[in-house]
Amino acid sequence: MTSTTQRVQIEYCTQCGWLPRAAWLAQELLTTFGAELTELALKPGTGGVFVVRVNDEVVWDRREQGFPEPTGVKRLVRDRVAPGKSLGHSDK
């Protein structure tokens with residue numbers, strides 16, 4: 001177990017009703033990285049925001065990249081919190 005904080009934050013637009021999408025993505029990440037993450041936060045926002053951050057680094061922004069598929073976000077999170085971890089079928 002590492003003492004380094006491994007924090008993921010999903011900021012989502014409350015005006016757009018994107019909480020279910022954010023919660024689903026959070027569940028996917030926690031299922032995959034439950035042992036590696038020290039925190040996963042859902043942050044309410046406005047103005048069409050849907051941003052995924054790992055340790056305060058933006059790894060996905062809906063405005064630039066569209067809505068993320070879980071496998072794409074899992075790869076980005078894995079590369080930062082658990083390099084070398086197999087994602088099974090998601091790696092193929």
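Predicted model: local features only at pLDDT ≥ 70, side-chain atom pairs only at ≥ 80, totals over all residues.
Colleague: Is Gly 84 buried or exposed?

Modeller: The idea is to look at relative accessible area: under 20% is buried, over 50% is exposed, and partly exposed is in between (1.4 Å probe, protein chains only). Gly 84 has 79%, so it counts as exposed. Its C-alpha atom is 30 Å from that of Pro 20, a residue 64 places away along the chain.

Colleague: Why does the radius of gyration agree with a compact globule?

Modeller: The radius is taken over C-alpha atoms, and the globule rule is 2.2 Å times the number of residues to the power 0.38. For 92 residues that rule gives a value near 12 Å, and the protein has 13 Å, so the two agree. Along the principal axes, the C-alpha atoms fill a box of roughly 35 × 30 × 20 Å. Of the 92 residues, 41% count as buried. As for contacts (heavy atoms within 4.5 Å), look at those with a separation of 6 or more: 64% of them join residues 24 or more positions apart.

Colleague: On to helix α1. How do I check its span?

Modeller: Take 1.5 Å times one less than the number of residues. Helix α1 has 15 residues (19-33), so it should span 21 Å, and its end C-alpha atoms are 20 Å apart, which agrees.

Colleague: Which residues of α1 are buried?

Modeller: They are Ala 22, Leu 25, Ala 26, Leu 29, Thr 32 and Phe 33. To see how they are arranged, look down the axis and take the directions from there to the C-beta atoms; that gives the arc. In α1 the buried residues fall within an arc of 130 degrees, so they line one face of the helix. On the face turned away from them are the exposed residues Pro 20, Gln 27 and Thr 31.

Colleague: What covers the buried residues of α1?

Modeller: The cover includes β1 (7-13), β2 (39-45), β3 (50-54) and α3 (70-81). Zoom in on Thr 32 as an example: it is buried, at a relative accessible area of 17%. Setting aside neighbours within four places in sequence, Thr 32 is in contact with Lys 74, Lys 85 and Leu 87.

Colleague: How many aromatic pairs does a search of the whole structure find?

Modeller: Three. In general, you describe such a pair by the distance of the centres and the angle of the planes. Rings of Phe, Tyr and Trp (its six-membered ring) pair if their centres lie within 6.5 Å; planes under 30 degrees apart are stacked, over 60 edge-to-face, and the rest tilted. Trp 18 and Phe 50 make an edge-to-face pair, with 6.4 Å centre to centre and 75 degrees between the planes. Trp 18 is in the loop between β1 and α1 and Phe 50 in strand β3, so the pair ties together parts 32 residues apart in sequence. Trp 18 is buried at 15% relative accessibility, and Phe 50 is buried at 1%. Phe 50 also pairs edge-to-face with Phe 67, at 5.4 Å centre to centre and 70 degrees between the planes. That pair links distant parts of the chain, since Phe 67 lies in the loop between α2 (62-65) and α3, 17 residues from Phe 50. Phe 67 is partly exposed, at 29%.

Colleague: What about phi of Asn 55?

Modeller: Phi of Asn 55 is near 50 degrees, a positive value in a residue other than glycine. Asn 55 is in the loop between β3 and β4 (57-61), and is partly exposed at 33%. Asp 56, found in the loop between β3 and β4, has a positive phi near 70 degrees. At 66% relative accessibility, Asp 56 counts as exposed.

Methods:
Residues numbered from 1 in each chain as written. Heavy atoms only, no water. Helix = DSSP H or I, 4+ residues; strand = E, 2+ residues; numbered from the N terminus.
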